[in-house]
Amino acid sequence: MLDRFNRKISYLRISVTDRCNLRCNYCMCGNEFNFIKSDKILSFEEIYELTAKAVEYGIDKVRITGGEPLVRKNIVHLIKLLASIKGIKDFSMTTNGIMLFEFAEKLKEAGLHRINVSLDTIDPDKYREITRGGELKKVLEGLEAAKKAGLSPIKINCVIRESPDEIDAKKVAVFCHEKGFNIRYIRQMNIKEGKFWPVIGGEGGKCSSCSRLRLSSDGKIYPCLFSDKVFSIRELGIEKALKEAIRSKPKEGDRAGNEFYTLGG
Ligand code: SAM
Ligand code: SF4
């Protein structure tokens with residue numbers, strides 16, 4: 001489906017939980033004071049129905065995210081359900097990789113195509129500091145397991161302050177080169193100030209070609225991270241929420257970030 005500015009809306013990002021097993025110092029997720037009550041979280045059936053309808057409307061690229069998607073109970077079952085929808089050409093997940101060792105093979109078997117793993121440093125102490133307690137070794141083991149399972153290509157999301165020339169980012173780049181992973185740099189955003197930049201080595205952040213819709217874990221569709229517009233699938237019904245969200249996609253983000261990030265994005 002085309003929006004008002006002739007952009008083909010083809011990419012759906014689904015947040016399956018707002019919970020996380022890390023608390024990265026730049027991230028709005030993992031703040032327990034904002035957690036969505038568990039009875040408000042979408043069921044697998046609701047996520048399936050929404051995704052199937054979105055595919056009918058032209059979505060062919062689906063990414064599962066969070067919070068941390070691997071902490072959602074029975075996530076492998078959800079992946080299996082979504083993989084059964086005909087028409088999804090690109091089915092991926094963004095994860096912090098902490099639980100990937102346990103899940104990589106099961107995710108591949110369930111029908112996931114590929115993964116993005118977040119990694120800002122390969123120094124265990126800095127990793128622990130940034131993630132407030134995370135163990136780098138687990139992520140590295142998870143990456144190996146993902147490679148072995150054939151989740152391919154593996155992309156690394158590396159958050160930088162200003163430039164890919166920062167020392168940690170450079171070391172992550174060398175690591176990726178050695179291991180055959182692709183690296184994408186994401187400049188640290190200040191959601192409250194509405195400061196956002198295109199992903200270096202990725203497609204995100206360019207308003208003129210933005211093809212995305214985002215679904216929060218409590219069933220709200222956000223046409224843009226930097227707009228007030230939001231459409232609840234529970235209040236409006238799936239079809240209406242989807243159509244209105246596509247119709248309301250702004251030409252470009254025009255304000256500070258919305259609540260999507262705090263709701264798990
Ligand atoms: N927990 C998963 C992970 O970390 O990969 C998925 C969700 S996380 C919100 C998705 C991506 O957003 C991660 O790559 C993370 O580094 C990035 N991110 C979070 N807060 C950010 C910020 N303030 N600026 C830029 N990127 C951010
Ligand atoms: Fe958790 Fe990902 Fe946010 Fe880090 S960036 S706190 S891993 S949701």
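**View 1. Strands β8 and β9 pair side by side in the antiparallel sense.** In this predicted model, strand β8 (residues 220-222) joins β9 over 2 bridges; two strands count as paired if DSSP finds at least two bridges between them. Look for I221, which stands opposite F231 in β9. Helices (H or I, at least four residues) and strands (E, at least two) are DSSP runs, numbered from the N terminus.

**View 2. The open sheet has 9 strands with mixed pairing.** Axes are lines fitted to C-alpha atoms, for helices over the stretch in contact, and angles run from 0 to 180 degrees between N-to-C directions.

**View 3. Helix α1 (residues 44-56) meets α2.** Their axes come within 10 Å and cross at roughly 25°, and α1 and α2 are therefore roughly parallel to each other (angles under 35 degrees count as such). The crossing is right-handed, meaning that the near helix is turned clockwise from the far one by less than a right angle. On the α1 side, find F44, I47, Y48 and T51; on the α2 side, I75, H77, L78, L81 and L82. This contact has 7 nonpolar, 2 polar and no charged residues. Ala, Val, Leu, Ile, Met, Phe, Trp, Tyr, Cys and Pro count as nonpolar, Asp, Glu, Lys and Arg as charged, and the others, Gly among them, as polar.

**View 4. Helices α3 (residues 100-110) and α5 (residues 136-149) also form a right-handed crossing.** Here the axes come within 8 Å and cross at roughly 15°, so α3 and α5 are roughly parallel to each other. From α3, the contact uses L100, F101, A104, E105 and K108, and from α5 E141, G142, L143, A145, A146 and A149. These residues divide into 7 nonpolar, 1 polar and 3 charged.

**View 5. Ligand 2 sits among C20, L22, R23, C24, C27, C29, G67 and N96.** A residue is near a molecule if one of its heavy atoms lies within 4 Å of it. The shell has 5 nonpolar, 2 polar and 1 charged residues.

**Notes.** Residues are numbered from 1 along each chain as its sequence is written, while chains are lettered from A and ligands numbered from 1 in the order in which they are written. Local features need pLDDT of at least 70, side-chain atom pairs count only at pLDDT 80 or more, and totals for chains, interfaces and linings use all residues; side-chain values use heavy atoms, leaving out hydrogens and water.

Conventions: Parallel < 35°, antiparallel > 145°, perpendicular 65-115°, else oblique. Contact = heavy atoms within 4.5 Å.
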